[in-house]
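Reader: Please display the model, and let us then discuss its aromatic rings.

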Amino acid sequence: MSSHVASLLVAGSLDALTYWSLAFMVAAGLTVVFGMLGFLNAAHTSFYMLGGYVAYTVAGATGSFWAALLLAPLLVAVTGVILERLLFAKLYRAGHASQLLLTIGLAYVIAEASKLVWGDSAFAVAPPPSLAGRITVLGATLPVYHLFIIGAAMVLVCVIAALLLGTRLGMVIRAASVHPEMVGALGFKVRDIYTLVFAVGLYLAAFAGVVMAPLEGVYPAMADDALVQAFIVVVAGGLGSLPGAFIVAGLLGLVQGFGSVFFSAYAMFFPFTVLGGVLLFRPVGLFGAKSA
Amino acid sequence: MTAYPDALAEARSPRRAQVLNLHATVEALVTVALLAVLVAAPALFSRATINDLGQAVCLGLFAISFNILFKYSGLLSFGHAAFFGFAAYTQALLLQSFAGLPVPLLILATGLSASVLGYLIGQICVRRSGAYFSMTTLAIAALFYAVAFKWHAATGGTDGLDSFMPSSLMLLPRWHLDSPGISETYLLVLAILIPVAVAAWALLELTPFGSAVVAVKHNEKRAAFLGYDTHRVKLANFTLAAGLAGVAGALWAIDNSFVSTDSIDLSFSTTVVIIAFLGGSVWFWGPLIGAVVYIAASDWLSALTPHWQIWLGLAFILVVLFAPGGITGLVKSLWRLALRPQAAANV
Amino acid sequence: MSETPLLRLDGIAKAFAGTPVLVDLDLSVRAGERRGLIGPNGAGKTTLINVITGAHQPDAGDILFRGKSIRRLPPHRRNRLGISRSFQILSLFGEMTVGENIRNAILRYRGLHVSPRRLLRRLDTIFTEVAAVAEMVGLGRALQERADNLPYGMQRRLDIALVLAQQPELIILDEPAAGLSAAETRDLIAVLQATIGKRTLILVEHDMDVVYALSDRITVLDYGLVLTEGTPAEINANPDVRRVYLGEEAA
Amino acid sequence: MFKTLLLGATAGIGLAALQPARAAAKDPIVFVAAIIQSGPFKVTDAQNLAGVQFAVQQINKAGGVNGHPIKLDIIDTELNAATTKRKVTDAVLNDNAKAIIGASGSDVVNALVAVGQKYHVPVVAFAGEADDMTGARFQPALFRVASNTSMHASAIVYAMQHAYPQVKKVFLLNEDYAFGHESETGFKTALKGIDPSVEVVGSVFHPRGTADFSPYLQQIQASGADFVLTADWGADLIKLLNQGSSFGLKPRIGGTFLADPEILKGVGNAAIGDIGSDVYQPTIDSAENKAFVATWHNAYANTPIPWPTASVGKSYISTELAAIAMNQAGSTDFAKVEKVLEGLHYASIAGPLVVRACDHQVQIGQPTGLVIATNNNPYPFPFIGPALIAPLNVIAVAPTDTGNPRCAAAPNG
């Protein structure tokens, strides 16, 4: 009996951590771009989907998941740079309405364009053989790939934090998001910094898409499926707050990981429960600015 | 916003007042013509066209209600389908339970229930603005969708609700029709839609209430220090928009004699944004035009290519970048452009 | 028993991020008084106005208007009691016309601001009033101009017109002459002297000509405390004031 | 540039629009095919569209309907009931459509039926499996070729019992909405009827669009089940199968919607040994089917659907059924066609078929099969092997059990 409870606990914790990692990874880029540039990208999960599809192609061509993990986010980020220069840059000062509207249009275009390229089918992406196995802890089966997902999310958190807090570039980026004129006057090209931040945001989206692919497969509806949860994480965390998104993703992970076992009939409402719970106590989200 | 009518100013600047009046008159004439064409449509077009038009005007009213929030309060709702869908289901259930009551009464009840819902939800949403507002409405609509999807006993889940049919179309209870024809239903829809929409237009364009809503939109802080309860003003407009979306949903249920989760899902909330901006958010009636164009264009495109949504997306991007006023905004600015040299010549 | 002051502040304290801006501040303004508030930058003048009008909640202390606490009231409720303020950084309805700007103020004051049953066009008295207010501040010819398009000096006047249009019992002006030329300032003083009448005024201003012209008592703030208070002549003669404030102004 | 683009697009689109008009034959009879042609679920209906188109082509080659060729109006349902209803109504009013073939999405089918009822046009459904559609909510315009939930569940259980007779403990995993709940009941009823010794050791509903199935996989493992029954479909089913495989799930899976190349392609070897079933399978061992498979492959060898599939078969039969009935009735009049359809039977590609008169549910022994490795099946990935027919007497729902008042009055169907 107690071993059964232990295995449930271990399994539930792992599931919670996996959800945490997944929810955070998908939302991270969205909140970075919003926090730094004030740009709300409704097509964010379209780039996440694009990451999955490109990974499918790269993995198919090279036979290596690692190559896909390396290349696909870069390719998507490059696409993002082009789009940023052509489209998004025109709307930094235009207000959230225009940004949302433009990116909705873009989401339609990406969805259909990727169907033109990859067709309408779902594809499986195999995890690399080294991550395909599973281990048993206290009677609970743990797929190694889940551990990889958790690891990937942790690395991501550390890299972003180090980049933003520990480097000179990060300092300039943070300064540019608050006082663009000042940073411009200091001789930095604010324009390029914005492009860079956008590229990082889309890199994160695509990275999440690649990591997700062996778990979920890639399929045309994956952008829509991820969008609401990503928005919920970002809103409840406080728009633009990376730590907020991290904590809310964690709450969501806890509720999903353990709730799915005990209250599976209400699983569809879990994200709203978390959102409602957070907003009840902090109407602007966990780390939201009062003025928003 | 209405031109500020000031006799002194008009006397001082007759040319300008003349042009302003001309614009207002033309707008009024176009509106009347638009509504007249809609009413006369059954005599002018085929039944299939009326069938399409029926859905288009319901969508149009829905888009108008969305635009009431956006144009007058600057609030971009991403979950407006919550009210539309809620009302569509409510209307279907009312018709199933009270089939004997006059339909306009039931529609009114549905519209009211939607505005009560709007009042309650607005308490949460309206406290935020900008992106927060958009995302909060999105999340609430997603919750509504989840409820409609799961609560099979009330909503029919993925099957939807059907087999409800008004037994009497108009206020006269004796007018029993087993299966009202397309034109009858269409005219009933218009008989409700036009007065409701015109009333909303008048409320926002002609009364102090409308000017308060606009004042709060333009400068919420100053409005507060002039004594406006800005939260309540926005909440009132949110309630109005929700009620109007509710009437649109009720009419939609009657026009389709069918309700499904499509009327409450997130893509429908997005569709209405697209319709409103395609038609133009600067003119009150723009979204109505947007709905007609959207239905016509999407039917035409979808018959041509399965990838029609790429064109829809591109068209939308172009509208956002180059014609933020949508179709009617484009026409309006062309018309002003055409008028300018003429007016100058008149001096 | 002494007369209840129109406005009384009792031990008001306010700090931002740990830095105290107002420290245990008492202030009392009689009805009909014209009070100038001066002090060097950072003395807490604008914060004081924000606390009186409800933009900021004080950390401690109470605000009494006609003897009743208004501390917990939101800004619009304080306005409805008869407190109307202008803004140091202009806050107009920029995309609306001058006429519409003033109308916003009057409709609210007349209690018609959300009436759904009247047509705007029919509210003739309002329009007469709008025209009169505009005329009063010298904007009579600009009723149909967009506020954004007005020259800066005219925007200042419009800001004040919004306050005057509401015929408030307590007028609070936050640096009304900021950014104005000498000529514009003279015009402004004339306009204000002609229009304020018997109403109570709290005036924050750096331009001492304006302060002396419009105030019958002056309070000097320094580091969130009341340094001294008195008639313009007394203040002018006070050496402390000359040191912390006027001296700086002269430099 | 924008202007040129627009002009070019308009000209191109205009030309394309002219083409079908020229190709149209004289006074054809119009059939409407309601197909998802756009949006994320488009893939679901590509096979259905091919099946309908192929059937129309074959029928026209054989002389059409009462001497008239069939013209197909394909409408994009967008998986949206209201849009579908509007477009189908237009087709009926404008083109005088005489039959409606469709559709994926149970609300879309309901919309079709509403139009069919109103304008007296038969609706032949290749999808939409809710029991009560031909039961308590029966409407005469609907004729259903797709099996209902109960029949489908029984066929899977039958196949399970034959392929894995040692199975004694099953776990039920279904999506948390009406259809999932109905399927769960269907599985339980089927288990009781077919092999009461099999015990249900667990039953869980998960939300649609579940990303990570581990919590459910843990539960299945903990329950000690040796088989899993599921009515999951689409992306959820693919995720379940893939994640089950990487989790090392021992029990095999029987899936209502597993017999679909779009699923199996996305799963690969992980599906070998699982069970699928549907009204039609290309591996049915009959002369009619072999001929059909050969003709199909001849025509479609170089398309994404080189061999017929379950969906192809169902949509083909649906179209064929309407044409046969109209030919036998010598008319397209609804009353006459309905009369012929009720009780109509013939040897279809899926086997002997009867349209049950009382509830308009097509009765057919349902092919089932194990997923087998690539080299023994038509598709280049593991696919359903030789078909084992679950006989009608095992899977059929007795007329009196349908909840349809017309069937209660006519207990023999």
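**Aromatic contacts**

Author: In chain D, the charged end of Arg208(D) sits over the ring of Tyr177(D), 5.5 Å from its centre; this term requires NZ of Lys or CZ of Arg within 6 Å of the ring centre and within 35 degrees of the ring normal. This is a predicted model, in which local features need pLDDT of at least 70 and side-chain atom pairs count only at pLDDT 80 or more. Residues are numbered from 1 along each chain as its sequence is written, and side-chain values use heavy atoms.

Reader: Which residue lies over the face of Phe87(C)?

Author: The contact is in chain C, at 4.2 Å from the ring centre of Phe87(C). The residue over that face is Arg85(C).

Reader: How many aromatic pairs does the structure hold over all chains?

Author: Rings of Phe, Tyr and Trp (its six-membered ring) pair if their centres lie within 6.5 Å; planes under 30 degrees apart count as stacked, over 60 as edge-to-face and the rest as tilted. Over all chains, the number of aromatic pairs is 46.

Reader: How many residues apart in sequence are the parts that Phe24(A) and Phe246(A) tie together?

Author: The two rings form an edge-to-face pair, 5.1 Å centre to centre with 90° between the planes. Phe24(A) lies in helix H1 (residues 2–37) and Phe246(A) in helix H10 (residues 242–262), both of chain A, so the parts tied together are separated in sequence by 222 residues. Helices here are DSSP runs (H or I, at least four residues), numbered from the N terminus.

Reader: Is Phe24(A) buried or exposed?

Author: Buried means under 20% relative accessible area, exposed over 50%, and partly exposed in between (1.4 Å probe, protein chains only). With a relative accessible area of 3%, Phe24(A) is buried.

Note on methods:
Chains lettered and ligands numbered in written order. Helix = DSSP H or I, 4+ residues; strand = E, 2+ residues; numbered from the N terminus.
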